[in-house]
Amino acid sequence: MNIARLAIDNFRFTLILLALLVISGTVSFFTMPRSEDPQVAPAGASVIALYPGAGPADLEELVADPIEEKLNELDDIKRIDSKCGDSISVTSVQFESGTDMDDVFAKITQKVNSIRGKLPAELRDLTMTRWLMSDFVIILQVALVSETAPFHQLDAEAERLKKMVEKVPGVKRVRTWAVPQREVRISLDLGELAERRIPLSQVIAAVQSANSNVPAGHVDLGGNRFILRSSGSFQDLGEIADTIIHAHGEKVVFLKDIAEVGFAHEDQRHVARANGKRCVFVTVNQKEDTNILEVRKGIGGAIGRFGEKLPASISLATVFDQSESVRRRLNFFFGNFLQGLLLVGLVVLFAMGLRVALIVLLIIPVSILIALGFVDLSGYGLQQMSITGFVIALGILVDNAIVVTDNIARFLRQGGDPQRAAIDGSRQISWAIVSSTLTTVFAFLPIAMMGFETGDYIRSMPVTVIYSLLASLLVALTLTPFLSSRFLRLEKEQRETMFRRLVRLLTEKYYRPLLAAALSRPWRTVILAASSFLFSLVLFQFVGISFFPKAEKPQLVINIETPDGANLQYTDQVARRVERILRQRVRMRRYAVNVGRGNPQIHYSIDSKEYTPTHAQLIVEIPAYDPQEVAAMIESLRGEFARCPGARIEVKEIEQGPNSEAPIAIKVLGDDLETLRSISLAVEGMFLSTPGTVNVQNPLGSAKTDLRIQVNKAAAGMLGVPMAMIDQTIRAAISGVPVTTVRDRQGKEYDVVARLPLSGRPGMEDLERIYVTSTAGAAIPLGQVARLEFESSPKEISHYNFSRAVTITADVRSGFSTDRVTRGIIAKMDRWAWPRGYEYYVAGEMESRQESFGGMGRAVIIALLAIFAVLVLEFRSFSQPLIVFTTIPLAVIGSILMLFIAGISFSFTAFIGLTSLFGIVVNNAILLVEYTNQLRTGGRDIVSALKEAGETRLTPILLTTATTIGGLLPLALRGGTMYAPMALTLIGGLLVSTLLTLVVTPVFYLLMTRNGR
């Protein structure tokens, strides 16, 4: 079938069809979602249990173990991790890639709820969260700043802002942070309770009973029905204070007789500051498949209306705004795209003249708009990966149009009218460009089918390239012949342009003699090519291997860890010291301080640590990002912070790629905690003695000291004090016991908590005020049945697939290879004498890289087999596809050489570039082999056919290579550490393979074609 003839004969239908596709893509461009990164997350979920006052060992036994055991009943589990710290347990379960998380998360909820009755009743909260990027990563963080306004006023304003922002289309969730929640506090007088011989359990039961709201039914009076209402729940504090606790005869004891009832704030666990001033945070999460720029515009309007009624004592400050980064990133990629388009246009204009250049350049917007429509239909939005796909495709998608128009122009120069030249020229080259397009598509297709989190992250890039290539093929076979038949003229094409003159001189002076010499001594050419390939493999070891580089965002993350046992106030003092240093040494645009927990998650690769008094995190934004300046700044700050006593302070950049614990992470697995701690200290020493490591962390590096209440069971038994009563009373006195909830007349709900009337944080003197009640009602001082003892306990207990584990982590200094540093540590561990039953597991970047590169390895094999299958179908031969495949090692030579010259390691993005290159470089060989076959079919001998094919196809080969490089050049020069390796890999491979293919492919054709067949 001659598609060009159909397109020209039915040009009205052709134009309408293409116009519909272009309009669809144009609409998609304005409506499709926009974000900074692909909205992907691993298939997994977490179960978070909050148990105030519980230590790691208690949480492991009472919470983590039963939850792990129940979740293990699910299918397709990849790993189960648990981490138990002070008062909080987090169990995470990750599933195999491709798992249907809608179904699985429902099963997780069902499993956990089925054992809720077996978990401690004192759990303050039990939350199940699915790993969704939109749930974790915020798009906006603002601060309500005031040094004088009370927290309840800040909370009220934050709630007002929350309600306004929640109405904005595209907003998924709005949260407030660092606001101590108000609660109704029942401040018990335990001495009064003891004197009146009232047990604590009786107080709790009385308050709960009085707050019940039980429907009483209805009665009929006459012809009407009336609903009977009971006394109902509490309406105000007075009703709570008047609760009857005990009655004996005419003597009634009210709650107000043994306790004070009033509003109070819960113990502050999270301190926040914005630009050095006290504040509370309000964060916004975006719904999936929405346009962040439109959502941010709507939020801006809501914030503007909110600010009009904000009290003078409170100000509003923006702490983090992802839309700024998205706009900056999109502008950067669109700038690269336009620069690449300009370079491609100049190349085509110089080489082919104005008319041909206009025809070829028209292919670019038409193909991209068509591809945009299909990218949108496939569920992908505009973000850095999809736009990168368009940048990569930019130089490739004009290849088909160049080959077609060049062949049409050649037919036109041989005589004939433009329409006949367009039909015959397109027909002759059509199968070759179909094959070359399919080979490139099959190079990208396995990348699009990759599994794991990395595959999900990059998938939109190969999908975009594939749609762009298929669109360019459609346009090249339909619109290009039609336009050529209308606008190309014989007299114009007969003129020798400067480019044609240059190519003719190049052919006559260099290429023709070189090809003749190579064909006369074919084995010498083969040996030289093979030697070059082997040399490049040797050179590869000096290139090095890395994974995903820095995100190159103008933000720094500073984590502070104070010694085990430090309280929130001490950690806050260290954070203030860090702030002072930053103000002196760093030019900051804005910064946020979080003490007691991590900052709300601003990037998918940054974890937000849950509540712990020994942790603080600062998010610092600088005016602009410069790699050298930022690296020097970080090294300077690390040196300064190393001199700060009483804390471990790490400074980090935000990194790209799948989320991992750290660039270097080693898990030590075993059962006994003391043995694990001993091994972890030895492994920590190996980390510290390896050059290149920084921010080394070992959770078991030091043990923390706890106060343990040791109950004298014999004394408690003799005095008639139940063990449960002792635990409940102590908990009520120190941490407080949730009794019930009340709702005020405005509908706001508060927890009712019973505890000691503490003026601040609980101290030793408060323990001396605790009485416990015997079964006979006698008040017994706690000191008569228990004593306090100091004991050492682990800071946290972690599990990895049901084994106890400790993870030692480290970052890598600038200028060092993560791969080399990690292998140096592994070599030391392999030489170490491990106790029986203990082992290590390599996590971190190396684990992610092995998964991702393993997936890429399979992608490479599949791509090569698919490309080979297409070539076998085209040439109906096994030997000729092997001839075409000789271009692949030639491309490898150029890629490795380019990375070595540029001083860039072989990263994951470079691996993508190399895999993509395989499908691109074979196109030149296809053109040579296919035209050589046509000439031999016409009666030419093999040598003359090879020479003529090389000279005839020299122009389109050089042009397609130049346009592809032109499209990639801006990405190579300004793509940073993320995209420059991919672009340089492609450019280096294209340059070398193009030059060598023009000589080596004819030689292999000669050697592998027996007896001239």
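A salt bridge here is a side-chain nitrogen of Lys or Arg within 4 Å of a carboxyl oxygen of Asp or Glu. The model is predicted, so local features need pLDDT of at least 70 and side-chain atom pairs count only at pLDDT 80 or more, while totals for chains, interfaces and linings use all residues. Residues are numbered from 1 along each chain as its sequence is written, and side-chain values use heavy atoms, leaving out hydrogens and water.

Searching the whole structure gives 28 salt bridges. Take Arg-273 and Glu-579, whose side chains meet at 2.7 Å, N to O. Arg-273 sits in strand E13 (residues 271–274) and Glu-579 in helix H20 (residues 568–585), 306 residues apart. Helices (H or I, at least four residues) and strands (E, at least two) are DSSP runs, numbered from the N terminus. Both Arg-273 and Glu-579 are buried, meaning under 20% relative accessible area; exposed is over 50%, and partly exposed is in between (1.4 Å probe, protein chains only).

Next, Lys-609 pairs with Glu-561 at 3.1 Å, N to O. Lys-609 is in the loop between strand E17 (590–595) and strand E18 (615–621) and Glu-561 is in strand E16 (residues 555–561), so the bridge ties together parts 48 residues apart in sequence. Lys-609 is partly exposed because its relative accessibility is 34%; Glu-561, at 7%, is buried.
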